[in-house]
Amino acid sequence: MCHTCQVSINEISRPVCILGLGLIGGSLLRALIDEGVIAYGFNRSPSAARAAAKEGYDVSDNLIETLTRAEADNALIVLATPMPAIDSLLETINEHAPSCGFTDVVSVKGEVYDLVRARNMQARYVGGHPMAGTANSGWEASNPELFRRAVWVVTFDHAADKEDELEEDWISLWVDVVHMATKVGAEVIPARIQQHDAAVARVSHLPHIFAETLAIIGDNGGALALSLAAGSFRDATRVAGSAPSLVRAMCETNSVALLDALDEALSLLNDARANLIQTHPSLEELVDNGYRSRIRFEARSGLNVEQSVSPTPVSNRPVFRLHPGADGWVRQLIQAESLGARIEVLWENGKG
């Protein structure tokens, strides 16, 4: 391979076919089209498909026809449906688009990968998870700017398992998934599935549990409490407005990792309670440690950077530039994972 060549880090080598046009899938379709990428989609709801088509997007409510087209195009298929639909979608992809590589946007990767491996589809799959969203759902909530500066996790378990005999087609697929994410403005962070699920349990799924709990506690305070609720309550409970079925699908399918995070949180809360019942109540340790943790998060994510510096400023995460397929590139991915680093890939005409 030529490891001295490089082109733009966001060029996708094939059309993109998106299955499911809710908030994430719909936003991805809009963003890709805005960036000049050939992209089309499927939505099982005829009314939503018509709404998208009326806006000028290439969308169908016929799954078989869409997958047949994807097979003819050698398209990158994106599974953008809730977790419960993934099993049947994989069956249909195997039948009607057996040559296509695919990725997904499901927030829990372990259960998806179990279904992929059960069908021996690992060589066609690269996991993905855009860390973006709102409390709203459906095509009407989609926004092409949703992924700007968001993190998009791209998994590499297949490469870690088969580094010495990794298929060229899989490397090309992995590169296209990375390019798709960067094309729509996201920062790509590589992670293996177990590490991903453990991390999102702490920073995504546990916050949902807390948001639901805080919403209930506030509501139980009655009309006065709800009338007094302001910014801190609004911000802390925002994701409690998410569709309950989506929250359950996220949290219940990641129960093992979520339990570890929840136990740690309960330990901190119990310590806080023990300190509050003392003669001289004190939350000094919790509040000081929480403040320092928040500052570290702001420094890493770039939230403390003035938005006027650049229309789309990047975060302060370290950057790894790598040549997919080169000697040691999987070790680089593991190192990037351990540092939470974003990546850029150097790739030209199918070669790293």
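Modeller: A salt bridge here is a side-chain nitrogen of Lys or Arg within 4 Å of a carboxyl oxygen of Asp or Glu. The model is predicted, so local features need pLDDT of at least 70 and side-chain atom pairs pLDDT 80 or more, while totals for chains, interfaces and linings use all residues. Residues are numbered from 1 along each chain as its sequence is written, and side-chain values use heavy atoms, without hydrogens and water.

Biologist: How many helices and strands are there in the protein chain?

Modeller: Helices (H or I, at least four residues) and strands (E, at least two) are DSSP runs numbered from the N terminus. Along the principal axes, the C-alpha atoms of the protein chain fill a box of roughly 70 × 50 × 45 Å. Within the protein chain, the count comes to 14 helices and 11 strands.

Biologist: What percentage of the 352 residues of the protein chain count as buried?

Modeller: Buried means under 20% relative accessible area, exposed over 50% and partly exposed in between, with a 1.4 Å probe and protein chains only. By that criterion, the buried share of the 352 residues is 46%.

Biologist: Which residues does Leu32 touch, not counting residues up to four places away in sequence?

Modeller: Leu32 is one of the members of the largest nonpolar core that touch the most others. Once residues up to four places away in sequence are set aside, Leu32 touches Ile12, Val16, Ile18, Val37, Ala39, Met180 and Val184.

Biologist: How many residues are in the second, separate core?

Modeller: This second core is separate, and its members include Leu79, Met83, Val106 and Tyr113. Its number of residues is 27.

Biologist: How many residues apart in sequence are the parts that Arg119 and Asp87 tie together?

Modeller: The salt bridge between Arg119 and Asp87 has its closest N and O atoms 2.2 Å apart. Arg119 is buried at a relative accessible area of 19%, whereas Asp87 is partly exposed at 35%. Because Arg119 lies in the loop between helix 5 and strand 6 and Asp87 in helix 4 (residues 86-96), the pair ties together parts separated in sequence by 32 residues.

Biologist: Which helix holds both Glu252 and Arg248?

Modeller: The side chains of Glu252 and Arg248 meet in a salt bridge at 2.7 Å, N to O. Glu252 is partly exposed at 47%, while Arg248 counts as exposed at 52%. The two residues are four apart, about one turn of the helix, and both lie in helix 11.

Biologist: Which helix do Asp114 and Arg117 both lie in?

Modeller: A salt bridge of 2.9 Å, N to O, joins the side chains of Asp114 and Arg117. Asp114 is partly exposed with a relative accessible area of 45%, and Arg117 is likewise partly exposed with 42%. Three residues separate them, about one turn of the helix, and both lie in helix 5.

Biologist: What is the phi of Asn120, which is not a glycine?

Modeller: Asn120 is found in the loop between helix 5 (109-118) and strand 6 (125-126). Asn120 is exposed, with a relative accessible area of 63%. Its phi is positive, at about 55 degrees.

Biologist: What is the phi of Arg149, also not a glycine?

Modeller: Arg149 sits in the loop between strand 7 (128-131) and strand 8 (151-154). At 22% relative accessibility, Arg149 counts as partly exposed. The phi of Arg149 is positive, at about 70 degrees.

Biologist: What distance separates the C-alpha atoms of Asp61 and Glu344?

Modeller: Asp61 lies in the loop between strand 3 (59-60) and helix 3 (63-73), and Asp61 is partly exposed with a relative accessible area of 39%. Beyond neighbours within four places in sequence, Asp61 is in contact with Phe42, Asn43, Pro46 and Ala49. Asp61 and Glu344 are 283 residues apart along the chain, and their C-alpha atoms are separated by 35 Å.

Key. Contact means heavy atoms within 4.5 Å. A nonpolar core is a set of buried Ala, Val, Leu, Ile, Met, Phe, Trp, Tyr and Cys residues joined through side-chain atoms within 4.5 Å.
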